[in-house]
Amino acid sequence: MPPLNLTTDGDTQVLVTRRFAAPPDLVWRAHTDPSLIQRWMTGPDGWTMPRCESDPRPGGAFRFDWADGTGNGFHLTGEYLALDPGTRIVHVERMHMPDPTPDNHIETTFRADGDGTLLTLHMTLPNAETRTQMLATGMEHGMEASYAHLDSLLAT
């Protein structure tokens, strides 16, 4: 499994990169099609996404709900700002745990890389405290698990 690379920059930036053995258009589609998102963006084993709504167009909204099967869960809401099919998604998201976090602005790019795709997420948080709190949630572990699920999905 390719490693996920997470770095910080300044007080408010997070940069995540990950390579996938699939073309950019397929990796992009897996990030916008709710029937696919619900199959891979589940985080660590034992978690599911019982609710997945995504309207991938500028101004379109999304909502993802996660549950661990023991009564614990949280959800994320956001809006798409720009979409360039196969190459880029720009959106704003907030986690509800249960209160909403400040907006996280994310630009995700999908670049052809040999026989696969280099995915890059550039996150901009409103301040250092929010970034620290977000990183403390175990976000990196959840992303690694979800991307492993995406690897399996893309292989089929």
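Tutor: Let us begin with a pair of strands: strand 1 and strand 2 run antiparallel and are joined by five bridges. Please keep in mind that this is a predicted model.

Student: What makes strand 1 and strand 2 count as paired?

Tutor: Two strands pair if there are at least two bridges between them. Strand 1 and strand 2 have five bridges, and therefore they meet the criterion of at least two. One example is Asn5, whose bridge partner in strand 2 is Thr17. Three residues lie between the two strands of this hairpin, and Gly10 in the turn has a positive phi of about 60 degrees.

Student: To which strand is strand 2 joined by eight bridges?

Tutor: That strand is strand 8, and the two run antiparallel. Within strand 8, Met123 stands opposite Val14.

Student: Why is strand 2 called largely enclosed?

Tutor: Six of its eight residues are buried, so the rest of the structure largely encloses strand 2.

Student: How do you know whether Asp65 is buried or exposed?

Tutor: Buried means under 20% relative accessible area. Asp65 has a relative accessibility of 15%, and therefore it counts as buried. Asp65 is placed in strand 4, residues 61-67. Leaving out residues up to four places away in sequence, Asp65 touches Thr48, Met49, Pro50, Arg51, Phe74 and His75.

Student: What makes the approach of Asp65 to Arg63 a polar contact?

Tutor: The limit for such a pair of N or O atoms is 3.5 Å. The side chains of Asp65 and Arg63 make their contact at 2.7 Å, and so the distance falls within 3.5 Å.

Student: Why is Asp55 called partly exposed?

Tutor: The class of partly exposed residues lies between the buried limit of 20% and the exposed limit of 50%. Asp55 has a relative accessible area of 31%, and it is therefore partly exposed. Asp55 lies in the loop between strand 3 and strand 4. Apart from neighbours within four places in sequence, Asp55 is in contact with Gly60, Ala61 and Tyr80. Asp55 and Tyr80 are 25 residues apart in sequence, and their C-alpha atoms are 8.0 Å apart in space.

Student: How many bridges join strand 4 to strand 5?

Tutor: There are seven, and these strands run antiparallel. Phe64 stands opposite Leu76 in strand 5. Their hairpin has five residues between the strands, and Gly69 there takes a positive phi near 85 degrees. Strand 5 also pairs with strand 6 in the antiparallel sense, over nine bridges. In strand 6, His96 is the bridge partner of His75.

Student: How do you know that the buried residues of helix 3 line one face?

Tutor: The buried residues of helix 3 are Thr130, Arg131 and Met134. Seen down the helix axis, these residues fall within an arc of 100 degrees, so they line one face of helix 3. The face turned away from the buried side of helix 3 carries the exposed residues Glu129, Thr132 and Ala136. The buried residues of helix 3 pack against strand 1, strand 2, strand 7, strand 8 and helix 4.

Student: Why is Ser146 called buried?

Tutor: The limit for a buried residue is under 20%. Ser146 has a relative accessible area of 7%, and therefore it is buried. Ser146 is found in helix 4. A polar atom of the Ser146 side chain lies 2.8 Å from the backbone nitrogen of Gly43. Residues up to four places away in sequence aside, Ser146 touches Trp40, Met41, Thr42 and Gly43.

Student: Finally, how many helices and strands has the protein, and why is it described as being as compact as a globular protein of its length?

Tutor: The protein has four helices and eight strands. Its radius of gyration is 15 Å, close to the 15 Å given by the globule rule for 156 residues, so the protein is as compact as a globular protein of that length. Buried residues make up 46% of the 156 residues.

Key. Residues numbered from 1 in each chain as written. Predicted model: local features only at pLDDT ≥ 70, side-chain atom pairs only at ≥ 80, totals over all residues. Heavy atoms only, no water. Buried < 20%, exposed > 50% of the residue type's maximum accessible area, 1.4 Å probe, protein only. Polar contact = N/O pair within 3.5 Å; in protein donor to acceptor, adjacent residues only side chain to side chain. Contact = heavy atoms within 4.5 Å. Arc of directions from axis to C-beta. Rg over C-alpha atoms; globule rule 2.2 N^0.38 Å.
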